[in-house]
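Please keep the sequence and the coordinates at hand while reading.

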Amino acid sequence: MTPRAWSLFETGIPSFDTLLGGGIPRRQSLIVAGDPGSGKTVLCSQLAFLAAAKGLPVVMATVTSEPHDKLVGELANFSFFKEELLGDRLFVMSAYSSLKQGARETRDLIVQTVRKRGAKLLFIDGLRAIRDLWQDEARLREFLYELGIGLAAADCIGLFTTEYPLEKLLTLPEATTVDGIVSLSVAKQGARRMRRVEVVKLRGRPHIAGTHLMRIDGEGVSFIPRMESLAPPGEDSHSPSTRASFGLPELDTLMGGGLPRTSATLLAGSMGIGKTLLAAHFAVGGARHGEPALFVSFHDSVAALAARARRIQLDVERFVADGTVTYLFIPPVEQEADLVMDRVLQEILRRGVKRLVLDGLTMLEQSITDPERRTLFLAALAERLRRLGVTTLYTREVSKVAGTELDFSDAPVSTLGENLLLLRYVELRGRIHRILSVLKMRDSAYDNDLREFQIADSGVKVLSTLRAAEGLLTGQARPLGTTIGATE
């Protein structure tokens, strides 16, 4: 066994181990702090049951007069709870009587119980109750210090919860006595309340700093580290020279055969101009060549997209049915970007996805609640997808349907837009036309001609180069003496 394996205790919650830098250092004691209802007891109880399930002896100590079955009953609805572990593997004891006698008596009782059972994990739920009972700073400091020494000698990790918020805890002697502090909080953001976790202190171990998303469900507690806080997976490598085609020959020709593989492309355009249908072509184009594709929509259900695609002879349903295209509908309700992309990345890894469509970039941007994070988050996402070998297409709505201004100042074009395709309505001789232009392709040759394109029952068709008018990108074209756009 490597020295690292000896020095760290893996918690059984992989996302928690990630935040801790691999796990809890052995023989250390940690405080898990937070307001009532933040999830302290659930998290520590989950760690206790997971350790016991691995065959490690665990001691859980209560410090109030409440019966043990109350705590057990509150945990019974979580999947980590296994009643058969209670007893020999997970021993629940009460330290309430000894607390009324004194600090030394309490320490001796707990340490003796840990040694007798060979426990590798001790969980004490409620340091604040001890503080409130003793009303003695020196006694509490001495108790924690000597308890920590006793646990270290027994090669046992200590987990203690306290109901103080982080700012208050840092002013108390508990903060300096223990080896680590994990803070749980519930922050209000608009109408939402989001759970957060922060590893504030971990003696002798590098860990991931800052706050991260926390969630509690039927499985228990899990965490989603901030996208930008994680090192991208895999080694950096040169992008392949091959292309990912749309399956639309005229469009692919403009880009030298398609989008450069592992690149990120922003497909921007006005409302209703055809962004989603072109994105569906990109996903299906990969599926036809055996490349698994993931289509993530913030707007349409799979039935709605399939119906729209069917009208232009694009059989999305067939590829969804055979599994080469996975469709993920994320309704435009209150979402958190880290949670959304964690789900997306899990699908990518599970299915070996090579093409990703995110239809509705604005919704993803808005789900990043801190505007200052958006650029960092999206840059980290783009790099992570690239190293996973995924070619990504984002769609984003341009606010103006037609007009002389093209403003991308509020879009992360510089971050995501290695390639930029623009779809635009233009008005010419009293009729509305759709035009397409490749505005940018990083490190790649492309044709920057403006093309008219049509969406009809027969499908999407990119027409010949438009040289009969000027001012096309302004949306207000001026004819140059030809018949384009004129009534036949």
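## Aromatic pairs and their surroundings

A search of the whole structure, which is a predicted model, finds seven aromatic pairs. In one of them, the ring centres of phenylalanine 246 and phenylalanine 282 are 5.2 Å apart and the planes stand at 50°, so the pair is classed as tilted. This pair links distant parts of the chain, since phenylalanine 246 lies in the loop between strand S12 (243–244) and helix H11 (249–254), whereas phenylalanine 282 belongs to helix H12, 36 residues apart. Both phenylalanine 246 and phenylalanine 282 are buried.

Another pair is formed by phenylalanine 295 and tyrosine 327, and this pair is stacked, with 5.4 Å from centre to centre and 10° between the planes. Here too distant parts of the chain are linked, with phenylalanine 295 in strand S15 (residues 293–297) and tyrosine 327 in strand S16 (residues 325–329), 32 residues apart. Phenylalanine 295 and tyrosine 327 are both buried. Elsewhere, ring pairs join Phe49, Phe78, Phe80 and Phe81 into a cluster.

## Charges over rings

Two arginines are placed over phenylalanine rings, as the table lists.

| Arginine | Ring | Distance to ring centre |
|---|---|---|
| Arginine 318 | Phenylalanine 319 | 4.2 Å |
| Arginine 355 | Phenylalanine 282 | 4.6 Å |

## Helix H12 and its partner

Helix H12 (residues 275–287), in which phenylalanine 282 lies, packs against helix H13 (residues 302–310) at an angle of about 90°, with the two axes 11 Å apart. Because angles of 65 to 115 degrees count as roughly perpendicular, H12 and H13 are described as roughly perpendicular to each other. On the H12 side the contact is made by Thr276, Leu277 and Ala280, and on the H13 side by Leu305, Arg308 and Ala309. Sorted by class, the contact of H12 with H13 comprises four nonpolar residues, one polar residue and one charged residue.

## The chain as a whole

The chain contains 18 helices and 24 strands, and 51% of its 488 residues count as buried. Among contacts between residues at least 6 apart in sequence, 68% join residues at least 24 apart.

Definitions and conventions:
Residues are numbered from 1 along each chain as its sequence is written. This is a predicted model: local features need pLDDT of at least 70, side-chain atom pairs count only at pLDDT 80 or more; totals for chains, interfaces and linings use all residues. Side-chain values use heavy atoms; hydrogens and water are left out. Axes are lines fitted to C-alpha atoms, for helices over the stretch in contact, and angles run from 0 to 180 degrees between N-to-C directions. Helices (H or I, at least four residues) and strands (E, at least two) are DSSP runs, numbered from the N terminus. Angles under 35 degrees count as roughly parallel, over 145 as roughly antiparallel, 65 to 115 as roughly perpendicular and the rest as oblique. Contact means heavy atoms within 4.5 Å. Ala, Val, Leu, Ile, Met, Phe, Trp, Tyr, Cys and Pro count as nonpolar, Asp, Glu, Lys and Arg as charged, and the others, Gly among them, as polar. Rings of Phe, Tyr and Trp (its six-membered ring) pair if their centres lie within 6.5 Å; planes under 30 degrees apart count as stacked, over 60 as edge-to-face and the rest as tilted. Buried means under 20% relative accessible area, exposed over 50%, partly exposed in between (1.4 Å probe, protein chains only). A charge sits over a ring if NZ of Lys or CZ of Arg is within 6 Å of the ring centre and within 35 degrees of the ring normal.
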